[in-house]
Amino acid sequence: MSTRYPFTAVVGMDDLRLALLLNAVSPAVGGVLVRGEKGTAKSTAVRALADLLPEVTVVTGCRFSCDPSGPDPRCPDGPHEGGQASSRPARMVELPVGASEDRLVGALDIERALAEGVKAFEPGLLAQAHRGILYVDEVNLLHDHLIDLLLDAAAMGASYVEREGVSVRHAARFLLVGTMNPEEGELRPQLLDRFGLTVEVAASRDPEQRVEVVRRRLAHDDDPAGFAARWADDESALRDRVAAARALLPSVVLGDAALRQIAATCAAFEVDGMRADIVMARTATALAAWAGRTDVREEDVRQAALLALPHRRRRNPFDAPGLDEDKLDETLEQFGGDGEPEPDPDPDGGPDSPDGGPGGGGGIPPQGQGPDAAPPADRPAPPADQPEQSAAGAPGAGAGEQAAVRAAEPFRTKMLSVPGLGEGAAGRRSRARTEHGRTTGARRPQGALTKLHLSATVRAAAPHQRARGRSGTGLVVRRDDLRQATREGREGNLVLFVVDASGSMAARQRMSAVKGAVLSLLLDAYQRRDKVGLVTFRGKDADVALPPTSSVDAAAARLEQLPTGGRTPLAAGLLKAHDVLRIERLRDPSRRPLLVVVTDGRATGARGGDALALASRAARLHAAEGTAGVVVDCETGPVRLGLAGNLARELGGTSVTLDELRADSIAGLVRDVQASTGTNRRAA
């Protein structure tokens, strides 16, 4: 008996449990992305699902889990005609965040392929997960190219490995489940769309439910086997229900009325593409089978919309997933069939829970209800000139503090990059040596060969052919001849914003423009896969409003709530930024920083002190460490002091006005940043 935490022992989390069970019934739904705060049993529920799946019959000895009744004709271990069959439990394979491409898709021995003509292939995690579950914890932290490979395999049902003209293909059909904490960064909308369903999870605010969670968790930790035995009957009943729903699924009829409702719903919410319609249709069909019915009803379509559409409605990374349920109900009512009355809903207030008996719609209450639910995404925002609630009363608030104002409309910015060639995490900002990109040269491999430079390998082997006794047409290649391709692509950087929130910036229209500019740069950082941080200074000191993180959503939220007022401790802001970057260099030395200072260049401090001189000294600290810097000059009016330009020269960077920051207002800003940095360094 498995000692894994039982699925039926998970308290609450109705949407999560239903989404997982629907994928167990119909893997064609396309997987689940689970979004939620830390410590909400996301991973526990996903891992428990494996025990509910039926056993898998495989060809004995096949590393790719071929089905004996229909083996893959292109299986690398094939052909399998007449092979023996055996059964095993369905696997749940976990993909670590730090996995390599070869670990995911498999490794091809290039040396043997060149020297012996043998396709020596070592299967990866995609092969292991075939006909099972592939679980990716913290999927938002996975490198983009790995996510692309993963989702391509999930969509095509096969994995392709190609190395210098040698290719291997094998089946890879699995139930894909990813979990993520949005505070640590978002997935691109294109990747979000590839997950069939998405659910939001949060810890319950009900004390009784929290008590039950703790009670069960402690009981399991004290005696895992005994705890699993107490839930064995419930697990068996749920396992049987999954099997029954799978058997019933081919008999479920998706009528024209339900199809019209699905199409109308996707059109009403302006969902891009047709994937949402297809996923909704498959989900509604699975819901009907889960409820023990052969017809799809309106409640199935409604629940399918709540699971399949919220994450597809995001238009930019700062939009929260959500669905206007009133609009959904109006659409379903408007396109509610061909005049026939809909079946009466359950008089007891809805269908059963996932671990109960058959009922309409699968048995899960709609998402987004309750006192802690987020407001619908379609709710109109308050006017831009309406002030937000002041942060007065918060720690550090002082006299003269003004309420936060809304940011102006974001715009597309010019790309700012770090000069030189880095070796940081893959991204889209600065030049770097990467595993993916254009080939720039070759070198001897350090460790396992991952990207062969074919011509360089041939040139290295050619002079030794006579000494190695070559007699045929084949090239005699030894390991010492192999050459690794060096490639140049783009990296993500740490973009640290240092924002002046003092009284000199407090004019309402001015601060709104400044916030709009920073919001635009945050959007650019999101698109270029950067980490971001936010330091603000006002009054007597500077604060780290947001430590470096991959979540630009969190940075945008902190920026929106930023109040203004007080003096201008510019030196304190720069010194605080210096401390943040010093710590980050120790944590992640390969990620190069880009310092963006948003200020008018003014500095004030205690009487008798030279605030500007202190700010200049602080700026020179950054310049001495080679930190790339950009000063966004917020000074306005007919008379300008040019203090921001002076600060930029001390930083060894460049200065750009708010208007020049726009992509369509100035040409060659990237070249200006690099040239200015190089000139200042040579002058120093």
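Reply: Let us begin with terms: two strands pair if DSSP finds at least two bridges between them, and strands (E, at least two residues) and helices (H or I, at least four) are DSSP runs numbered from the N terminus. This is a predicted model, in which local features need pLDDT of at least 70, side-chain atom pairs count only at pLDDT 80 or more, and totals for chains, interfaces and linings use all residues. Residues are numbered from 1 along each chain as its sequence is written, and side-chain values use heavy atoms, with hydrogens and water left out.

Me: Which strands pair with E19, and in what sense?

Reply: Strand E18 (residues 593-599) pairs with E19 in the parallel sense over 6 bridges, and Val598 stands opposite Val632 in E19. Strand E20 (residues 654-657) also runs parallel to E19, joined to it by 4 bridges, and here Asp633 stands opposite Thr657 in E20.

Me: Which way do the residues of E19 point, and are they buried or exposed?

Reply: In a regular strand the side chains alternate between the two faces of the sheet. In E19, Ala628, Val630 and Val632 point one way, while Gly629, Val631 and Asp633 point the other way. Buried means under 20% relative accessible area, exposed over 50% and partly exposed in between, with a 1.4 Å probe and protein chains only; by that rule 6 of the 6 residues in E19 (residues 628-633) are buried.

Me: How many helices and strands does the protein have?

Reply: The protein has 21 helices and 20 strands, and 49% of its 684 residues count as buried.
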